[in-house]
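Try each task yourself, then follow the worked solution step by step.

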Amino acid sequence: MASLQISSMYLSSFSFKTKHVAVSKFRPMPLLLPKMSFQETNCEENVKPKTLYDESIRNLDTPNNNNKITTTTKFLAILELVTDRIEMHHNVGEQRDNWNILLLNSINMITLSAATMSGLAATCPGSGAPLLALKLSSTLLFCAATGLVLVMNKIQPSQLAEEQRNATRLFKCLQRKMEGTVALGSPSEEDVNDVIEKVLALDRAYPLPLLGAMLEKFPEKFEPVVWWPRPDKILQSHKGKAKREKMEEELMNGWSEELEMELREVVEVAKRKDFEDYERLGNMVLKISKSLAMLGPLLMGIATIGSVFVDNIGWWSWTYLVTLLAGSLAAVVNSFEHGCQVGMVFEMYRFCGGFFRLLEETVETTLEEKDMEKRENGEVFENMVAMQLGRSGFQLRELASKSASCRREGIAIDEFASKLF
């Protein structure tokens, strides 16, 4: 009994402590309110002191800031549109890459199945219904494969996919530049117009639809792709200005006569070596692509016609050989053209040619600018050109001096401007 009393006393004291702790744990805290003076509460005697928020609200009501807000809103709306363009081109590029894989596999399977049926028809005994069924089946399959080959050679899915990949990368570059402009400060109306021109130029260079807007896949000659606004208007605006006075050796904003000559020499090397090389390769790939695009449907048509005359009696029994050879060669040609993605290679050369054309126009436009303060800093511009060509500033200067010496001696330079591609 004594032990029971002791335990009951212990439990009661423990429960009391826990309740006390629980109550103290949830003890209400006093509500802290800021002290307010009588002058702040009395609205009739004194006016509230001005705050930073009131000043910013008052400044936003000015016409100048209203224009800034409108310009920034336009810029952000274009930035949202560019983000949407990135997603669209990415999705379309994946879709057209799938077209290339699926169409190529389907055409090869149909072609080989039709050739197999033609071979079975040649070995089929007699001339009854089984022979007719095999002949009709192989003819229909060859006709379907011929139609698919014509469509595939017309649109060149591998080239379409490469176009969308390039567009996605260029729109991402534009997006990062726009985000940097917003981070540095409010964009101007000139920034808005410049971005609009760049977006429209990219839309013209890499259209999304196929019907009515698709780029010509077999042009008469190789032309580099142009995805930037042409600086014709910019150059024309400088023609009316007075001629630049003779400058000193060290110019403002990091520019000098030596740097200008260096950039001109680099551009000349890029034109004579890099651009001409990509133009030659582009024309060669274009000829190969045209030949393969005509040879595939031709072989498929021969196989289709031959499958109609396949027989196992008399002279016509040899037609199956022509059918099988033409069908097999058509499968090989289609696999080489679309499996090796000849159209993608042609588009890659167009993009590389456009890169060197853009470099040339950027340097020429910068050097045409008469006002040194409006130019980009000379050292920054030199480093940017060097990094785009995969070189350091020292290597760029070495290339320029080597080009100048080769030109004075009347020999061709044996080095390309770009070390990247």
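**Exercise 1. Find the partner of Lys 217 in a salt bridge, and say where both residues lie.**

Step 1. Start with the rule: a salt bridge is a side-chain nitrogen of Lys or Arg within 4 Å of a carboxyl oxygen of Asp or Glu. In general, side chains of opposite charge can pair when their charged atoms come close.

Step 2. Apply the rule: Lys 217 pairs with Glu 163, and their closest N and O atoms are 3.5 Å apart.

Step 3. Helices here (H or I, at least four residues) are DSSP runs, numbered from the N terminus.

Step 4. Check the surroundings. Buried means under 20% relative accessible area, exposed over 50%, and partly exposed in between (1.4 Å probe, protein chains only). Lys 217 counts as buried because its relative accessibility is 3%, and Glu 163 counts as buried at 1%.

A word on the source: this is a predicted model, in which local features need pLDDT of at least 70 and side-chain atom pairs count only at pLDDT 80 or more, while totals for chains, interfaces and linings use all residues. Residues are numbered from 1 along each chain as its sequence is written, and side-chain values use heavy atoms, with hydrogens and water left out.

**Exercise 2. Are Glu 347 and Arg 350 buried or exposed, and what do their side chains form?**

Step 1. The side chains of Glu 347 and Arg 350 form a salt bridge, at 2.8 Å from N to O.

Step 2. Both belong to helix α11 (residues 342–368); because they are three residues apart there, about one helical turn separates them.

Step 3. Glu 347 and Arg 350 are both buried.

Step 4. For another pair, look at Glu 223 and Lys 221, whose closest N and O atoms are 4.0 Å apart in a salt bridge. Glu 223 is partly exposed at 42%, and Lys 221 is partly exposed at 48%.

Step 5. A network of them links Arg 391, Lys 402, Asp 414 and Glu 415.

**Exercise 3. At what angle do α6 and α7 pack, and how far apart are their axes?**

Step 1. Axes are lines fitted to C-alpha atoms, for helices over the stretch in contact, and angles run from 0 to 180 degrees between N-to-C directions.

Step 2. The angle between α6 and α7 is about 170°, with their axes 11 Å apart. Therefore α6 is roughly antiparallel to α7 (under 35 degrees counts as roughly parallel, over 145 as roughly antiparallel, 65 to 115 as roughly perpendicular and the rest as oblique).

Step 3. List who touches whom, where contact means heavy atoms within 4.5 Å. The α6 side includes Leu 170, Phe 171 and Met 178, and the α7 side includes Val 195, Lys 198 and Leu 202.

Step 4. Sort the contact residues: seven are nonpolar, one is polar and three are charged. Ala, Val, Leu, Ile, Met, Phe, Trp, Tyr, Cys and Pro count as nonpolar, Asp, Glu, Lys and Arg as charged, and the others, Gly among them, as polar.

**Exercise 4. How are α12 and α13 arranged, and which residues meet?**

Step 1. Helix α12 (residues 378–388) and helix α13 (residues 393–409) pack at about 85°, with axes 9 Å apart. They are therefore roughly perpendicular to each other.

Step 2. From α12, Glu 382, Val 385 and Ala 386 meet Gly 393, Leu 396 and Arg 397 of α13. By class, that gives three nonpolar, one polar and two charged residues.

Step 3. Met 387 is also found in α12, and it counts as exposed because its relative accessibility is 60%.

**Exercise 5. How many residues does the largest nonpolar core have?**

Step 1. A nonpolar core is a set of buried Ala, Val, Leu, Ile, Met, Phe, Trp, Tyr and Cys residues joined through side-chain atoms within 4.5 Å.

Step 2. The largest one has 68 residues, and Trp 227 and Val 385 are among those with the most contacts inside it. Helix α9 (residues 257–308) gives the largest share, 15 residues.

Methods
Helix = DSSP H or I, 4+ residues; strand = E, 2+ residues; numbered from the N terminus.
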